Amino acid sequence: MTDAVRLPFPLPPVIFLIALIAGVVLGILYPLPWFGDVLGDILFGFGWLAALGAVALWFAAIRMMFKSRTPLNPVATPTHLLTGGPFGISRNPIYLSLATLVVGIGLITGNIWLILLAFVAGLVTSKLVIQREEKTLAGKFGKKYHDYAKRVRRWI
């Protein structure tokens with residue numbers, strides 16, 4: 001029997017893609033006011049920093065998972081408890097990178113909907129995916145996972 005299980009919920013990248021598409025559509029249909037002049041320019045710069053940082057974090061976390069040969073599938077049984085590198089900053093660096101990317105795009109484009117929906121997608125991901133993953137990790141790794149969870153925050 002394989003570790004791959006049919007998901008009863010959308011994968012986190014799908015959740016954040018839905019947030020991105022919904023934010024773009026809402027931004028077109030119901031644009032919200034944005035900061036102008038200097039503050040808008042500063043937020044634009046922060047948006048690019050956030051987006052580039054998100055991509056770097058995503059690649060670092062994926063690379064570490066591949067190197068350790070632990071599955072990316074959120075319902076598969078993990079083979080290793082990753083606690084270093086990006087996983088030493090956040091217990092969910094891949095989900096954090098997805099949320100940060102959507103926020104970054106919102107700052108770059110001046111679309112407040114994207115920023116708001118990034119947080120909504122994060123909450124949905126926490127409820128539908130992360131809570132289930134944490135139960136699996138606690139069951140498999142026990143005290144080692146609980147110590148890690150005390151030391152490293154879920155998001156940041």
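## Pockets and helix packing

E134 lies in helix α4. The model is predicted. E134 has a relative accessibility of 14%, under the 20% cut-off, and therefore counts as buried. Beyond its neighbours within four places in sequence, E134 is in contact with R91, Y145 and R154.

**The largest pocket**

Next comes the open space in the model. The largest pocket holds about 590 Å³ of space. Its lining has 29 residues, and M65, P71, L72, Y95 and E133 are the closest to the centre.

Which helices each supply at least two residues of this lining? They are α1 (12-29), α2 (37-68), α3 (93-109), α4 (112-141) and α5 (143-151). By class, the lining of the largest pocket divides into 21 nonpolar, five polar and three charged residues.

**The second largest pocket**

The second largest pocket has a volume of about 170 Å³. L96, A99, T100, V103, A118, F119, G122, W155 and I156 line this pocket. Helices α3 and α4 each supply at least two of the lining residues. The most comes from α3, which gives four residues.

| Pocket | Volume | Lining by class |
|---|---|---|
| Largest pocket | about 590 Å³ | 21 nonpolar, five polar, three charged residues |

**How α1 meets α3**

Helix α3 supplies lining residues to the largest pocket and to the second largest pocket. Helix α3 also packs with α1. The axes of α1 and α3 come within 10 Å and cross at roughly 10°. Angles under 35 degrees count as roughly parallel, so α1 and α3 are roughly parallel to each other. On the α1 side, the contact is made by P12, P13, F16 and L20. On the α3 side, Y95, L98, A99, V102 and I105 make the contact. What is the class make-up of the contact of α1 with α3? The contact has nine nonpolar residues, no polar and no charged.

Two residues of α3 link these descriptions. Y95 is part of the contact with α1, and Y95 is also among the residues closest to the centre of the largest pocket. A99 is part of the contact with α1 too, and A99 lines the second largest pocket.

Note on methods. Residues numbered from 1 in each chain as written. Predicted model: local features only at pLDDT ≥ 70, side-chain atom pairs only at ≥ 80, totals over all residues. Heavy atoms only, no water. 1 Å grid on protein atoms, 1.4 Å probe; cavity = no way out; pocket = protein on both sides within 12 Å on 5 of 7 lines; lining within 4 Å. Points joined across faces, edges and corners; volume = space filled by probe spheres on them. Nonpolar A, V, L, I, M, F, W, Y, C, P; charged D, E, K, R; others polar. Axes fitted to C-alpha atoms, helices over the stretch in contact; angles between N-to-C directions. Parallel < 35°, antiparallel > 145°, perpendicular 65-115°, else oblique. Contact = heavy atoms within 4.5 Å. Buried < 20%, exposed > 50% of the residue type's maximum accessible area, 1.4 Å probe, protein only.
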